[in-house]
Amino acid sequence: MTTTTQAAENTWDIEEFETTPVPADHRRRLPSVAAVWLGFPMVLTCAIFGGLIVYSLGFWRGLLAIAAGNLCLMLYVGTLSYLAGRTGENFALTAARTFGRRAAAIPSAFLATIVIGWFAFQTGMAGAILHDSLGWPEKATTLAAGLAFVALTLLGIRALSVIGMIAAPVYIVLGAIAVYLAAQDGSTSPLSYHGEAGSAALSFGAAVTLVIASFIDSGTMTADFTRWSRNGREGFLAAMSAFPVGNSIALLIGGLVVAFGGATDPGADGGNFLGLLIDHGGVLVPLAVAFVFINLGSVCAHCLYNGAVGWSQLTAGRMRALTLILGAAGVVLAVAGIWTYFEQWLNLLGVIVPPIGAVVIVDQVILPRTRLRSSPAAGSVRWQPFAGWAGGAAAALLTHRLAPWLSDAVVGFVTAALIVTAASVLTARDQKDCPA
C-alpha cells in the first residue's frame, strides 16, 4: 500500500517551500542537489563563450582565463551555497538577513527579473539555431520550445535534478564527438593555437568577466537550488559540481573546437559546434536537434525556476502559478527577438550583480566572526549593504569604461566587500560612541 508520504510525492502540488526554509526531513542527498547544478552550465552558450575566449587569447591563455573565472565562481557561488545548506533558505530569505526584510525586495526583484531575461534569450536562441541550421520556422520553433521549457519547470526541483543528469552526459558525448570531428577536419594543433581575433580580441580581464557573467545571476541565486542540501558542506560541494567541473568542461569543449579549426565563424559564434555535427549528416542530425532541446531546456528551466521562486517570495504566491505567468512573459519576449540584445545584457550582469553576492557573503560569513555586524530591528533597512552594492557597481562600471584589461566583475566584488566592511566599522564606532 502506498503511504501518505509517497502519495504526496506523486501529487502535482509538491511543496517547494517558496516562503519558508526547507525542513530537515525534506532535504536531499548530495548527488541529487549536485545534479541540479552539474548540468546547468553544460549549455551551448558556454561552448560559444569558450570559443570566443580561445579565439581572442590563444589556447593556453584562454585556459588560464577560464580557470580564473571558474575559481572566482567556485568561491562566490560555493560560499552562498554553504549559507543556503546551513539555513535551508532561498535567496530572497537570505537577502533579507543582509538588506533588511522589506528592503531585500529590491535585490531579489532585480535578480528574479534578470533570470527571466536569460530564459527568454535561451528560448529565442533555440529557435534561431534550428532556423539557421535546418531551416525550421524561427518563431514557431521558439514558441514550441518555450512552452516545453515552461512545462518542464512546472515539475519543480525534482525535474531540475533529472534534466541535469540527462543534460550533462549528452553535452559531454556530443561535445566530444564535435571535438573529434574538428580534429579530423582541421589542420591546426590546439597546443600551438595563438588566437586570431586581432584588435577585436577580448582582454584577459574581459575574458574572466565573460566566464563569471555567464552564470553570475543564477549563481547569486544559488540558494534557490542548494537550500535543499542537508548542510552547508554539501551545499558547497553541490556548487562545485558546476564551478569548476561542469562549467570548465563546457567552456573547454568550445575552446577546443576553435583551436582545432572546426568553428565556421569563431569571431561571432565562438565554439558553437552544432553546425559541425549537422554538416556531417546521418544520425548526428536528429541527435543535434535533441541536443538543442535538452541542452537549452535545462538552462531555461533553471532560470525560470529561479525567477518563479524569487517572485513567489516577493508576492506570497505559489511557484507553479508564477512559473506560468513569468514563463508566458519570457516566451513572448523570446518570440519578439529580445535575445538579440545579449551583449548589453552580459555587460549589465558583469557590472551590477557580483556586488550583491559580495555584500551577502561579507555580512553573513565574515562580519559575524567580529563585533562589527549591526542587528537592526526587524523590517528595518540596513544601509551598509546597499552602500556596498552601489559602490561595487560604480567601481565595476568605471573599470569597464576606463580599464578594460581588468575584470570589472572581480573589481566590483572586491570593492563591494571593502565598502560594506568599512561601513560596518563606522557603524560600530558610532554605536560605541553613542551614550546609552
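Predicted model: local features only at pLDDT ≥ 70, side-chain atom pairs only at ≥ 80, totals over all residues.
Q: OK, switching to α12, how many residues does α12 have, and how far does it reach?
A: Helix α12 has 28 residues, and the distance from its first C-alpha to its last is 39 Å, which is close to the 40 Å expected at 1.5 Å a residue.

Q: Where does α12 bend?
A: The bend in α12 is at Met240 and amounts to about 35°, with a proline, Pro244, following within four residues.

Q: What about the peptide bond from Phe243 to Pro244, is it cis or trans?
A: That peptide bond, from Phe243 to Pro244, is cis, and its omega is near 25°. Pro244 itself has its place in helix α12, which runs over residues 232–259.

Q: What caps the N-terminal end of α12?
A: Asn231 caps that end of α12, with a side-chain oxygen that lies 3.2 Å from the backbone nitrogen of Arg233.

Q: And which residue takes a positive phi just after α12?
A: Just after α12 comes Gly261, which takes a positive phi of about 85°.

Q: Now for residues other than glycine, what is phi of Phe17?
A: For Phe17, phi is near 50°, which is a positive value in a residue other than glycine. The place of Phe17 is in the loop between α1 (4–9) and α2 (30–38).

Q: Is Phe17 buried or exposed?
A: Phe17 counts as buried because its relative accessible area is 10%, and the cut-off for buried is under 20%.

Q: Then Ala316, is that one buried or exposed?
A: Ala316 is exposed, because its relative accessible area is 67% and exposed means over 50%. Ala316 also has a positive phi, near 60°, in a residue other than glycine, and its place is in the loop between α15 (284–315) and α16 (319–335).

Q: Last topic, where does Gln384 lie?
A: Gln384 lies in helix α19, which spans residues 383–402. With a relative accessible area of 4%, Gln384 is buried.

Q: What does the side chain of Gln384 make a polar contact with?
A: The partner is the side chain of Thr427, and the polar contact between the side chains of Gln384 and Thr427 is at 2.9 Å.

Definitions and conventions
Residues numbered from 1 in each chain as written. Heavy atoms only, no water. Helix = DSSP H or I, 4+ residues; strand = E, 2+ residues; numbered from the N terminus. Buried < 20%, exposed > 50% of the residue type's maximum accessible area, 1.4 Å probe, protein only. Polar contact = N/O pair within 3.5 Å; in protein donor to acceptor, adjacent residues only side chain to side chain. Expected span 1.5 Å × (residues − 1). Bend = angle between axes of the 7 residues up to and from the residue.
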